[in-house]
Amino acid sequence: MDRRKEELEKKRQKLAELRRAREERRAVLESQSNQTQSSGSSSSTNNKDRKAIDDLVALVLGERPSTPSAGGASDRGSDTGSEFTASRPASSNFGYSIPGTPVSESNGNRSSIISQPGAPATPVSSAAPRYVAELSEFQTAAVDIPPLEKVEYSKEIQTSEGSFDTPQKSEEEIRKEIMDEIEMLEKEREAELEEERKRAELEKVEEFQALSEDEKKLILASPEFLEFIDTSSKFVERALNETYDFMKDYTLGIDVDSDENSGKRVKFVCDFWDEKWSRNRSVTDVNWSTKYPELLVSSHNKNPATVNEPDGVALVWNLHLQDRPEFVFHSQSDVLSVMFSKFHPNYVIGGTYSGQIVLWDTRAKSLPVLKTPLSAGGHTHPVYSLEMVGTQNAHNLITGSTDGFVCSWQLDMLAQPQDYLELLHPSHNKTDEVSVTCLGFPDNETTTFWVGTEEGNVYQAGRYDQAGSKAGINQTDTYKGHYGSVTGLHFHPLYGSVDFSDLFLTCSVDWTVKLWRAKSASKTSSQPTNITPLYSFEHADDYVYDVKWSPSHPALFGSVDGNGQFDLWNLNADTEEPFVSTSVGSGRALNKLAWDKEGNKTAIGSSDGRVYVYDIGEIANPKQDDWHLLQKNVSEMITNQENPGTK
Amino acid sequence: MTFEIDETLKRLSSRRGVKAVVILNSEGQAIRSTLDEELTKQYGQLISSLVQQARTTVATLDDQNDLTFLRVRTKKHEIMIAPDHEYLLIVVQNPQEAMQ
């Protein structure tokens, strides 16, 4: 305690000395500053502010005179005061606060600071404490905010003053200026190029590092990489497929292979099979694209072996890309019929086992873009037949299911059918319903259509109520000929010099293909009549699953049967036997047949999941008189039919 | 995911006439390759710089144009390059073999 008191005493004495010294110095300074008046107002303000702050400090010091901690505080206060005074002349910027620098200086420092010239002494003499000011440390950052620029412009003439006054520069001068500019730009560009070159060289010299395993894994997992692989591998595969060597040198002699006589043969082009999607699934429908002649779509039913995969699959194949499908589309239930939309290059429509109609978009992913609801409004039975009728601007999708419902849809509104029609035939022995297995529209007809049924009869039906006939099946005419369910119905496509559009072919499980002449819709008979086929083709040994006319040759049509036989018939050549009969694939049943738009190739869907494409070649090219020949033949058939027994 | 990629690669390389398949990133580093490391590295460096050159050529000639596919036919074989913004697929094939 005594020691403490002694120390305190010492400090107080020192303080008193310091105060005295300071006062003297201040007096000196003031006299000096009054004489020189160097900084003028600033010094006075300096003094004023200084005085104010000095007062504050004095107060603080005056506040705590006697306690040891206060002694320390007063020390500190004097220290800060001295420091403060020392820094005062140094800093002329009033933005700075009382310097809150740590007071860790020794007495020695203090004395040195005090010995700085021109430091006025702080009037530490106690003035009456007016209020207690709490000094605290804080730091500010000086921020320079530029004054807000006010953009002003006069609302009158806004062109620059000089533009009216400057005289027209002569052409030469302008040219010269432009040349100079161009030169400058070129120089800049060259400089840049030089830099680039240097940089490129440097890069080459740089150490070339390979990717680490982890980096590779990361990249492999990223979705963009997958997409990239998908598209670029398609490019490369298509490019790899090209068979023509454009660098072929014809001047060199090569052995000429004996040209295979393809006069009477159809040539196998390729077959489409995908390991993942075609395995164990049979092809239920095949359709070529009208927009892109190299694309075709095949639909498949479910794979009984795998449970997790989607039940229905539609694969879009490209003739130039034979290893894998261009697109893979999924559906929840087996897809039984599929077609490209005639009027939209990107849509693929499918009819399913559950009765839903699904719409896929080639631009979207593999799930259907639109689906009809599983409600009573649409179909509740498998949809085997799909047709698009109409024109680009006004078209409908007509679908038929095995419960006798025929619905017409608008493609963008698949929530409910635009129209539905229940086909009933009251004079049926068991039920009213007509079970539709296939449907056909004559070319250019949109309101009347013919349906093939499970019983084997073909009926004509109309979509709307018309004068003379109601919507629905025409009750009076029955095209009776087949003994088993009708599996395929196809009208003769409309083209050429003679109109055969009233001829249609049907095929059925009774091993036959029959040719019929459709009675005009307007001429409905008053009494129930049975219409018989014009001709019956009995060549097949098994169920005939599909029959289709050729789109280019009037007398040519193809049929596929359950034995794996693909028969090509030419009515002008021979009606008893097919023109060409080919065994397709491994002998498994062939489900569907589709001719491409030109009529040169056929796609055959087989029950082993493969789609075989055959090139018909020259047989498909019609000759001039084919039409007339066919007409003659058909009229012969008609007369034979009318007078049976005179064959 | 990687299984599909590997499958695609296998399918590509098993085609008749295909000598090599290499996948690079934009810097020329190999992600997958059927060649040995040394050769892959070489291919990577050289072909990525070639692609870069081709790309700048095309872009300089016409602003809106861009490189989509590159085929280099040589005496012995053909190098097909499918470039992308970030990756590169290179397939080397012998066209005479492939066309038989």
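Leaving aside neighbours within four places in sequence, Ser333(A) is in contact with Asp311(A), Gly312(A), Thr352(A), Tyr353(A) and Ser354(A). The model is predicted. Ser333(A) sits in a loop of chain A. This loop links strand 5 (327-331) to strand 6 (335-340). The relative accessible area of Ser333(A) is 12%. Ser333(A) therefore counts as buried, the cut-off being under 20%.

Strand 27 of chain A spans residues 590-595 and is mostly covered. Six of its six residues are buried. Strand 28 of chain A covers residues 601-606 and runs antiparallel to strand 27. Five bridges join the two strands. In one bridge, Leu590(A) is partnered by Ser606(A) of strand 28. Five residues lie between the strands of this hairpin.

Ile174(A) has a relative accessibility of 37%. Ile174(A) is therefore classed as partly exposed, because this class lies between the 20% limit for buried and the 50% limit for exposed. Ser333(A), by contrast, is buried at 12%.

Key. Residues are numbered from 1 along each chain as its sequence is written. Chains are lettered from A and ligands numbered from 1 in the order in which they are written. This is a predicted model: local features need pLDDT of at least 70, side-chain atom pairs count only at pLDDT 80 or more; totals for chains, interfaces and linings use all residues. Side-chain values use heavy atoms; hydrogens and water are left out. Helices (H or I, at least four residues) and strands (E, at least two) are DSSP runs, numbered from the N terminus. Buried means under 20% relative accessible area, exposed over 50%, partly exposed in between (1.4 Å probe, protein chains only). Contact means heavy atoms within 4.5 Å. Two strands pair if DSSP finds at least two bridges between them.
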